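Let's take a walk through this structure, one chain at a time. Have the 3D view open and follow along.

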Protein chains: 2
Amino acid sequence: MSTTLRYLHHPASQPCRAAQQFLLENNIPFEEEIIDITTDINEQPAFREKYNPTGQVPILVDGDFVIWESAAIAYYISDKFNCPAHWWGSNPQERGHIQQFMNWYAYTLRLGGGAFHWTIFAPMIYGYDKDFTAEIKRGRFLLYEAFDVLENYWLKDNEFLCGDTISYPDIAASQDLVSHDAGRIIPDSIWQSHPKVKAWFDRMLARPHAKTVSTWQYENVKKVLDDGVKFDFKRKTAVLKGTEVYSGNNHGITHAGDDDSYVTQHG
Amino acid sequence: MSTTLRYLHHPASQPCRAAQQFLLENNIPFEEEIIDITTDINEQPAFREKYNPTGQVPILVDGDFVIWESAAIAYYISDKFNCPAHWWGSNPQERGHIQQFMNWYAYTLRLGGGAFHWTIFAPMIYGYDKDFTAEIKRGRFLLYEAFDVLENYWLKDNEFLCGDTISYPDIAASQDLVSHDAGRIIPDSIWQSHPKVKAWFDRMLARPHAKTVSTWQYENVKKVLDDGVKFDFKRKTAVLKGTEVYSGNNHGITHAGDDDSYVTQHG
């Protein structure tokens, strides 16, 4: 059994970029394996059985131990390799505050990721004839509201989200904004009315490893927006973390004509 | 400054019941303050400023330190009071696995809470003339799919979600099912096809403190279903954790005629 960590990921995925940046920031050696999430490779039963029943990346394989969920991977790495305490807190209050962020984030900023997903990738997955207006609107709503809470609460008195030193929440949240920034989802008016978020995001983006993990996304989303490039998505599930579920259905957001027998059968 | 913990909560809220059960299971002394979430008390600026910008409960006040988000409260309590290691894990693998559950849960089972919310409480909040079919369908979809992952992954080889001893995930997840069970959201066919989930839920519900924190919900939802009782909701936001955002809007799920100026202004 190899003692080298294996990191299965794809750079189009925000959670993948976040855990990868954490590995790099802490100089943890790992072998990376790109899982091409435009194909259905991670929807196959064998993949789900071996690694993750949801089929999602990122996944970390450490010998016999397999762990998925981006934040859990970073938590595990920090714990096992004794990474500096600023990442997950150095006393009960700091640690609690960081957990508070990660939970707030899961229900707000992360779900606002739909603003990017439904604008950029969804048409390639579900078809350009589909109308994603409602989904984009909901995503933008969550995103802008999350901006307000970032500005007026999390970044109110701090350089970083949970204090004056960087913690894992900064990596997780800034990688969400990388997608929105690359996809030109955030209007100037939102950046201008949230100057602390802007300054913090610029600070985060200037970190060398933030660039390393984000280059693919900026380059490829630019091709979509400026050159009309269309990725050939074989899979039919959302690529946005938190909006796909393991059976291959799209988080229950069914479009007219889509199969919903699983619901109606038990409805 | 009082040294007694203050716990602000409401028994209709799953996250409130979960953190409260955790406090009780660990014999942590606290003063409880019921925040009546049928009113707009926690939507007031003074409340948000003092405790939580999202207006949500539960909230724990420990002297000068205020912490919200149910799972973060339980994490903080366990950390500060050295609760038994089985709750959040006793080695990096166990701790990572528990974090993995809590993240998976946030994006799946917890969001399936909509099945309960949109069926039972939403009509009282938004009006009985509104059609919540799509929201209920999405909620059920997420819920049933989460049942599959609970059955075939988390509970596949264990008595409890993250191993053979109870951990915080068991409390969090079972309190979600309390709402669905009280609201009769889960059809017999789903229980029957998920026998491990059923046995685990029964095991969890048999714990004395599970009963303590759940009685209100069972009794009051029964009144709604059997006696046609209607609570007079003054607030206009969702009571479901993760589906309300701090400005008082309903998670972006706007109904025809509802205000969406915040989105259109920046759209």
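This is a predicted model: local features need pLDDT of at least 70, side-chain atom pairs count only at pLDDT 80 or more; totals for chains, interfaces and linings use all residues.

Now look at where the two domains of chain A touch. On one side, 13 residues of domain 1 are in contact, and they meet 18 residues of domain 2. Which elements of chain A give two or more residues to the domain 1 side? They are helix α1 (14-25) and helix α3 (70-80) of chain A. The biggest giver is α1(A), with eight residues. Sort that domain 1 side by class and you get eight nonpolar residues, three polar ones and two charged ones.

Next, hop over to chain B and find helix α4 (residues 92-107) and helix α8 (residues 168-182). These two chain B helices pack at an angle of about 15°, and their axes are 10 Å apart. An angle under 35 degrees counts as roughly parallel, so that is how α4(B) runs relative to α8(B). As for handedness, α4(B) passes α8(B) in a left-handed crossing.

Zoom in on the residues that meet there. From α4(B) come Ile98(B), Phe101(B), Met102(B) and Tyr105(B), and facing them from α8(B) are Tyr168(B), Pro169(B), Ala172(B) and Ala173(B).

Note on methods:
Residues are numbered from 1 along each chain as its sequence is written. Chains are lettered from A and ligands numbered from 1 in the order in which they are written. Axes are lines fitted to C-alpha atoms, for helices over the stretch in contact, and angles run from 0 to 180 degrees between N-to-C directions. Helices (H or I, at least four residues) and strands (E, at least two) are DSSP runs, numbered from the N terminus. Angles under 35 degrees count as roughly parallel, over 145 as roughly antiparallel, 65 to 115 as roughly perpendicular and the rest as oblique. A crossing is left-handed if the near helix is turned anticlockwise from the far one by less than a right angle, and right-handed if clockwise. Two residues are in contact if their C-beta atoms, placed from the backbone, lie within 7 Å. Ala, Val, Leu, Ile, Met, Phe, Trp, Tyr, Cys and Pro count as nonpolar, Asp, Glu, Lys and Arg as charged, and the others, Gly among them, as polar.
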